[in-house]
Amino acid sequence: MSTNVPFLSDVQIESAAQELLRRYAKWKGEAPRPPIPVDALAEGVLGLTLEMGDLRTKLGKPDVLGATWLDDALVVIDSSLEGKEGRYCFTLSHELGHWQLHRPLREMDTVTFPLFSREPGAKATAAIVCRDGQRDPAEIQADKFSAFLLMPASDVRAAVKHVSGGPLAIGNLLARKQAGERISELRDFASEVIANGGFTNVSNQAMQIRLETLKLVVDGAQGRLF
């Protein structure tokens, strides 16, 4: 079910992620550094309850990854992500995106969310249920929030500078992507940035996307620019 939410620019979404990181720094007494402690952000800063559970069985949806019950301040991550740190952290920070960006809309009675029961037979209450591959505006915004939160731009740029001195140019990048080629240079570069920047709870694929959106990987034929 698609949720109609207002348009938010990338700047607005990144600002919301940075504000949450500032709240962590005030709560903890020190700024968070990668790997961003997303569990502590959820429980310590936002006061949410976190659980792992068999959402796919409880909700009858074979592709659900996470869900947030707004009135209960409860986030449940599907047990299929147990042991998959990158997917788990991205999904949890995605749920935090819903909490930060979309929960206030319900409180202002500007957006109505569907009702789901936490357990079979329990009363259904307003919840955001996130399924693999959903692409409606609310899910896209939460995905961006997750990327901005787990991979702050300043930390990614610092890691890239340490690894290569600057952006990486990959020959015929766009054409190769459109052809479905697995681009080993991009994957290897993302691995180097993850290792050097300490982004140990981020998947290689997520870092590849972040590097491209920050224009730290560009299409070119000259190899590394610096």
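**Entry 1, strand β2 and its partners.** I looked up Trp69 and found that its bridge partner in β5 is Ala127; I note at once that this is a predicted model. The pairing of β2 with strand β5 (residues 124-131) is antiparallel and comprises 5 bridges. I then turned to strand β3 (residues 74-78), which pairs with β2 in the antiparallel sense over 4 bridges, and there I found Gly66 opposite Ile77. The two strands β2 and β3 make a hairpin with 4 residues between them, and in the turn I noted Ala73, which has a positive phi of about 50°. I also checked burial along strand β2 (residues 64-69): 6 of its 6 residues are buried, so the strand is largely enclosed by the rest of the structure.

**Entry 2, the sheet as a whole.** In what order do the 5 strands stand in the open sheet? I read the order as β1-β3-β2-β5-β4, with mixed pairing. The edges are taken by β1 (49-53) and β4 (115-117), each of which has a single partner strand, so one side of each is left without a neighbour in the sheet. From one strand to the next, I find that the twist averages 40°. For the parallel part of the pairing I looked at β1 and β3, which are joined in that sense over 5 bridges, with Leu50 standing opposite Val75 in β3. Helix α4 packs on this sheet, where it touches β1, β2, β3 and β5, and its direction makes about 35° with that of β2.

I compared the length of helix α4 (residues 85-101) with expectation: at 1.5 Å a residue its 17 residues should span 24 Å, and its end C-alpha atoms are 24 Å apart, which agrees. Of the 17 residues of α4, 13 are buried, so I describe the helix as largely enclosed by the rest of the structure. Leaving aside neighbours within four places in sequence, I list the contacts of His98 as Arg103, Ile128, Cys130, Ala138, Glu139 and Ala142.

How many salt bridges does a search of the whole structure find? The search returns 15, and I followed up some of them.

Glu14 forms a salt bridge with Arg210, with the closest N and O atoms 3.3 Å apart. Since Glu14 lies in helix α1 (residues 10-28) and Arg210 in helix α10 (residues 204-213), the pair ties together parts that are 196 residues apart in sequence. Arg210 is buried, at a relative accessible area of 4%.

Lys58 and Glu119 meet through their side chains in a salt bridge of 2.9 Å, N to O. This pair links distant parts of the chain, 61 residues apart, with Lys58 in helix α3 (residues 55-59) and Glu119 in the loop between β4 and β5. I noted Lys58 as partly exposed at 32% relative accessibility, and Glu119 likewise as partly exposed, with a relative accessible area of 37%.

The last pair I looked up was Glu185 with Arg176, whose closest N and O atoms are 2.9 Å apart. Glu185 is partly exposed, with a relative accessible area of 33%, whereas Arg176 is buried, with a relative accessible area of 16%. Through salt bridges that share partners, Arg176, Glu181 and Glu185 are joined into one network.

Notes. Residues are numbered from 1 along each chain as its sequence is written. This is a predicted model: local features need pLDDT of at least 70, side-chain atom pairs count only at pLDDT 80 or more; totals for chains, interfaces and linings use all residues. Side-chain values use heavy atoms; hydrogens and water are left out. The expected span of a helix is 1.5 Å times one less than its number of residues. Buried means under 20% relative accessible area, exposed over 50%, partly exposed in between (1.4 Å probe, protein chains only). Two strands pair if DSSP finds at least two bridges between them. Axes are lines fitted to C-alpha atoms, for helices over the stretch in contact, and angles run from 0 to 180 degrees between N-to-C directions. Contact means heavy atoms within 4.5 Å. A salt bridge is a side-chain nitrogen of Lys or Arg within 4 Å of a carboxyl oxygen of Asp or Glu.
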